[in-house]
Amino acid sequence: VIFLDTDPIIGAERFSLKNNVEAAIIKRILNEFSKTKVDLSEIGVISPYRRQLQTLRNVLGSHVEVEIETVDKFQGRDKSCIIISFVRSDPSRGIGDLLRDWRRISVALTR
C-alpha cells in the first residue's frame with residue numbers, strides 16, 4: 001500500500017471534482033507498470049467522482065486494458081492493483097460530502 005499526498009503539488013486543483021495533476025501522476029505510474037511484467041488488465045483505477053473518471057479516461061486513453069470506474073461500481077470486485085483517485089482537497093483540509101461516507105472509503109480501500 002502506497003499513499004501519495006498530492007496536496008503540496010503545484011497545479012493541483014482546489015475545490016474541484018476533477019484533478020488533472022492527479023490524473024497525470026496516475027498515467028506516469030501506469031507507464032512505469034507497463035515497462036514491467038505487470039498485467040495491466042489486473043489494474044483498476046477508481047474514483048468517487050464521475051468528473052474525475054472522465055478526466056482519467058481522457059488522460060489514460062492509451063491504457064485501454066486498465067479498468068476505470070467509480071468506487072460504487074467496483075463494489076464486490078477486486079483487481080491485483082487498485083489506484084484510487086480521491087481528487088478533493090482544499091486549504092482547510094475539507095474532503096467534501098461524498099468522502100465523508102466511511103462505507104464508500106471502506107469499499108475503495110478493500111478492493
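Guide: Contact means heavy atoms within 4.5 Å. By that rule, and not counting residues up to four places away in sequence, Ile83 touches Ile26, Ile29, Leu30, Ile43, Gly44, Val45 and Ile46. This is a predicted model, in which local features need pLDDT of at least 70, side-chain atom pairs count only at pLDDT 80 or more, and totals for chains, interfaces and linings use all residues. Residues are numbered from 1 along each chain as its sequence is written, and side-chain values use heavy atoms, with hydrogens and water left out.

Visitor: How many helices and strands are there in the protein?

Guide: The protein has three helices and three strands. Helices (H or I, at least four residues) and strands (E, at least two) are DSSP runs, numbered from the N terminus. From the N terminus on, the order of the elements is α-β-α-β-β-α.

Visitor: Why is Leu56 called buried?

Guide: Buried means under 20% relative accessible area, exposed over 50%, and partly exposed in between (1.4 Å probe, protein chains only). Leu56 has a relative accessible area of 0%, so Leu56 is buried. This residue is found in helix α2. Leaving aside neighbours within four places in sequence, Leu56 is in contact with Ala23, Ile26, Val45, Ile68 and Ser85.

Visitor: What makes Thr55 count as buried?

Guide: The relative accessible area of Thr55 is 8%, and therefore Thr55 is buried. Thr55 also belongs to helix α2. With neighbours within four places in sequence left aside, the contacts of Thr55 are Lys18, Asn20 and Ala23. Thr55 and Ala23 are 32 residues apart along the chain, and their C-alpha atoms are separated by 7.0 Å. In the protein, 38% of the 111 residues are buried.

Visitor: What makes a group of residues a nonpolar core?

Guide: A nonpolar core is a set of buried Ala, Val, Leu, Ile, Met, Phe, Trp, Tyr and Cys residues joined through side-chain atoms within 4.5 Å. The largest one here has 12 residues, among them Ala23, Ile26, Leu56, Ile68 and Ile83. At least two residues of this core come from each of α1 (20-34), β1 (43-47) and α2 (50-59). The largest share, three residues, is supplied by α1. In soluble globular proteins, nonpolar side chains tend to be buried together.

Visitor: Why does the pair of Arg57 and Glu69 count as a salt bridge?

Guide: The closest N and O atoms of Arg57 and Glu69 are 3.9 Å apart, so they fall within the 4 Å limit. Arg57 lies in helix α2 and Glu69 in strand β2 (residues 67-70), and this pair links distant parts of the chain, 12 residues apart. Arg57 is partly exposed, with a relative accessible area of 39%.

Visitor: What makes Glu67 and Lys79 a tie between parts of the chain?

Guide: Their side chains meet in a salt bridge (3.3 Å, N to O). Glu67 is in strand β2 and Lys79 is in the loop between β2 and β3 (81-84), so the pair ties together parts that are 12 residues apart in sequence. Glu67 is partly exposed at 21% relative accessible area, and Lys79 is buried at 17%. Salt bridges with shared partners join Glu67, Arg77 and Lys79 into one network. The structure holds four salt bridges.

Visitor: Why is α1 called oblique to α2?

Guide: Axes are lines fitted to C-alpha atoms, for helices over the stretch in contact, and angles run from 0 to 180 degrees between N-to-C directions. The axes of α1 and α2 cross at roughly 45 degrees and come within 9 Å. That angle makes α1 oblique to α2, because angles under 35 degrees count as roughly parallel, over 145 as roughly antiparallel, 65 to 115 as roughly perpendicular and the rest as oblique.
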